[in-house]
Amino acid sequence: MKLAVPWGHIAAKLWGSQQGPPVLCLHGWLDNANSFDRLIPLLPKDFHYVAMDFGGHGLSSHYSPGLPYYQQNFVIEVQRVVAALKWNRFSIMGHSFGGIVGGMYSCTFPEMVDKLILLDTLPCALDYKELAPLSAARSPAHPAEPATPQELENLLTYKRGMIEHMLQIEASQKPQRVLSPEEMLQGFLKNNSHVGEECARLLLQRGTTQVATGLVLSRDRRISLPEHSIDFVSRDLLVHFIRKLQAHVLLIKAMQGFYNVRRENDADKEALNLVKDILKSVLKEWFQYTEVPGNHYVHMNQPQRVAGIIGSFLKSSTLNQL
């Protein structure tokens, strides 16, 4: 399916009857809608699943020249898709960056989202690396002290990095590298060691374009590091956002997955524990947390490990609404 947008189209793929309860599936950074190819066939058949390619990813159009890729733009894309499909209420399943976009959408349009499923991700990106250690006495209701000058400086550094990268790409006349299918696959596996070969082939199937002498990556080269585009929030904002949610939330944590959006300190669980505590405190029985063995791409590599959990959540929370 292709949906018209002002700069071209948003591409998506569909599973299940359009009469079923809708579930919008949001892929991770630099991935595409094929991220869900192995998982969705294992989920309940009586739901309608739509996996979209974010702008500049997969088969979706690149943004117009001169425009940056900001997290808020992707949230707007979700609303464009929902409006085009004429959905009044639906569920979101997001992996990695897709979960952050889905979380922000769910807080911004809380009346629209019935269920939010987070696959090895959080509903907001918390820039916690430079924060003072959490006090044991600090409660989720009063989770944060004012941002330090260093935290504020980091946010400016991210924004500057995005601007400089985008202008550099625009100024560069360097053509895209053309690779053979095997070279493309091996390069992808080398840079993404957590993705198995079958899953890599799936992502490349939708993420490359055939040219006369081989394959080129089809994603927009303006898209670089995730921290250049993500809106990091303070703990105060995080609490405020989560209080806006009207959705049941399922967070599935991959035990060998990522804990830090910047991936520099994956062993540090401070952000996960903080967000989990706030979700529990605010949503109470509307929040479900579970851990599964596997890495950041467990939903692709071993989809059977998460399919039953997701299926039960979709079914049970639907029954709770009736």
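Is Phe90 buried or exposed? I started there, keeping in mind that this is a predicted model. Phe90 turns out to be buried, with a relative accessible area of 1%.

**Aromatic rings**

I counted 13 aromatic pairs. I looked up Phe74 and Phe97 next: their ring centres are 5.3 Å apart and their planes stand at 85°, so I noted the pair as edge-to-face. This pair joins distant parts of the chain, with Phe74 in helix H1 (residues 71–85) and Phe97 in helix H2 (residues 97–108), 23 residues apart. Phe74 is buried at 0% relative accessible area, and Phe97 is buried at 3%.

Back to Phe90 and its partner: the rings of Trp87 and Phe90 have centres 5.4 Å apart and planes at 40°, so this pair is tilted. Trp87 is buried too, at 12%.

I also traced a cluster linked by ring pairs, made of Trp7, Trp29, Phe54, Tyr63, Tyr69, Phe74 and Phe97.

Then I checked a charge over a ring: the charged end of Lys276 sits over the ring of Tyr289, 4.2 Å from its centre.

**Helices H4 and H5**

I found H4 (residues 181–191) packing against H5 (residues 197–207) at about 115°, with the axes 10 Å apart. Their crossing is right-handed. From H4, Glu182, Met184, Leu185, Phe188 and Leu189 meet Glu197, Ala200, Arg201, Leu203 and Leu204 of H5. I sorted this contact by class: 7 nonpolar residues, 3 charged and no polar.

**His228**

My last stop was the loop between strand S9 (214–217) and strand S10 (232–233), where I found His228. His228 is buried, with a relative accessible area of 13%. Setting aside neighbours within four places in sequence, I saw His228 in contact with Tyr70, Tyr158, Gly161 and Met162.

Definitions and conventions
Residues numbered from 1 in each chain as written. Predicted model: local features only at pLDDT ≥ 70, side-chain atom pairs only at ≥ 80, totals over all residues. Heavy atoms only, no water. Axes fitted to C-alpha atoms, helices over the stretch in contact; angles between N-to-C directions. Helix = DSSP H or I, 4+ residues; strand = E, 2+ residues; numbered from the N terminus. Left-handed = near helix turned anticlockwise from the far one by under 90°. Contact = heavy atoms within 4.5 Å. Nonpolar A, V, L, I, M, F, W, Y, C, P; charged D, E, K, R; others polar. Buried < 20%, exposed > 50% of the residue type's maximum accessible area, 1.4 Å probe, protein only. Phe/Tyr/Trp six-rings, centres within 6.5 Å; stacked < 30°, edge-to-face > 60°. Lys NZ or Arg CZ within 6 Å of the ring centre and 35° of its normal.
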